[in-house]
Amino acid sequence: MGDAEGKLFTLKEAEQARAVLEPLLLEAMEARRKMADSGKQLGAIVERISQRGGILLSYEHAARLRAQHDAMELSVRRVIEQIESTGCVVKDLDAGLLDFPARLNNEDVYYCWRVGEDRIRFYHRQSEGFAGRKPIDPRDAGYHNPIQ
């Protein structure tokens, strides 16, 4: 994580980071979906080769597909590294879950956000996951105004 290792976010900082990171997360999610599709196509090619040998196989198509798959994989890795370099944690790329390390009521927690939510409204203890999310009481977070 580099310089961001050990960073704790205030709710306001987490929300500001979320607004910047959301487009990157969406980009990585889309690349991951495309990568899964190309992975299925590559799997079908491998299956066809194992059943029938290399006869009737377009090697150019397979090579192009492999190159696209590898490029998307690299893109996903780079975006995740970019997101995590801020101190934020990508918890589940398929679901679009981000966690922001924080301290709330003298306890280490994660502010938790999922794609589709308009702002960060939940937190969970670091030993819990998404299922343990609880609503943030703005008084506890030291943040009293709605996030714009």
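This is a predicted model: local features need pLDDT of at least 70, side-chain atom pairs count only at pLDDT 80 or more; totals for chains, interfaces and linings use all residues.
**Helix pair**

Helix H1 spans residues 11-52, and helix H2 spans residues 59-84. Their axes come within 8 Å and cross at roughly 150 degrees. Angles over 145 degrees count as roughly antiparallel, so H1 is roughly antiparallel to H2. The crossing of H1 and H2 is left-handed.

**Nonpolar core**

The largest nonpolar core holds 26 residues. Leu21, Ile83, Leu98, Phe100, Tyr111 and Ile120 have the most contacts inside it. H1, H2, S2 and S3 each supply at least two residues of this core. H1 gives the most, with nine residues. In soluble globular proteins, nonpolar side chains tend to be buried together.

Phe100 has contacts beyond its neighbours within four places in sequence. Among them are Phe9, Ala14, Ala17, Leu21, Tyr111, Trp113 and Ile120. Arg18 is also in contact with Phe100.

The elements named here have these limits:

| Element | Residues |
|---|---|
| Helix H1 | 11-52 |
| Helix H2 | 59-84 |
| Strand S1 | 89-92 |
| Strand S2 | 97-104 |
| Strand S3 | 107-114 |

**Asp94**

Asp94 sits in the loop between strands S1 and S2. Is Asp94 buried or exposed? Asp94 has a relative accessible area of 53%. The cut-off for exposed is over 50%, so Asp94 is exposed. Asp94 still touches Met29 and Arg32, leaving out residues up to four places away in sequence.

Key
Residues are numbered from 1 along each chain as its sequence is written. Side-chain values use heavy atoms; hydrogens and water are left out. Helices (H or I, at least four residues) and strands (E, at least two) are DSSP runs, numbered from the N terminus. Buried means under 20% relative accessible area, exposed over 50%, partly exposed in between (1.4 Å probe, protein chains only). Contact means heavy atoms within 4.5 Å. Axes are lines fitted to C-alpha atoms, for helices over the stretch in contact, and angles run from 0 to 180 degrees between N-to-C directions. Angles under 35 degrees count as roughly parallel, over 145 as roughly antiparallel, 65 to 115 as roughly perpendicular and the rest as oblique. A crossing is left-handed if the near helix is turned anticlockwise from the far one by less than a right angle, and right-handed if clockwise. A nonpolar core is a set of buried Ala, Val, Leu, Ile, Met, Phe, Trp, Tyr and Cys residues joined through side-chain atoms within 4.5 Å.
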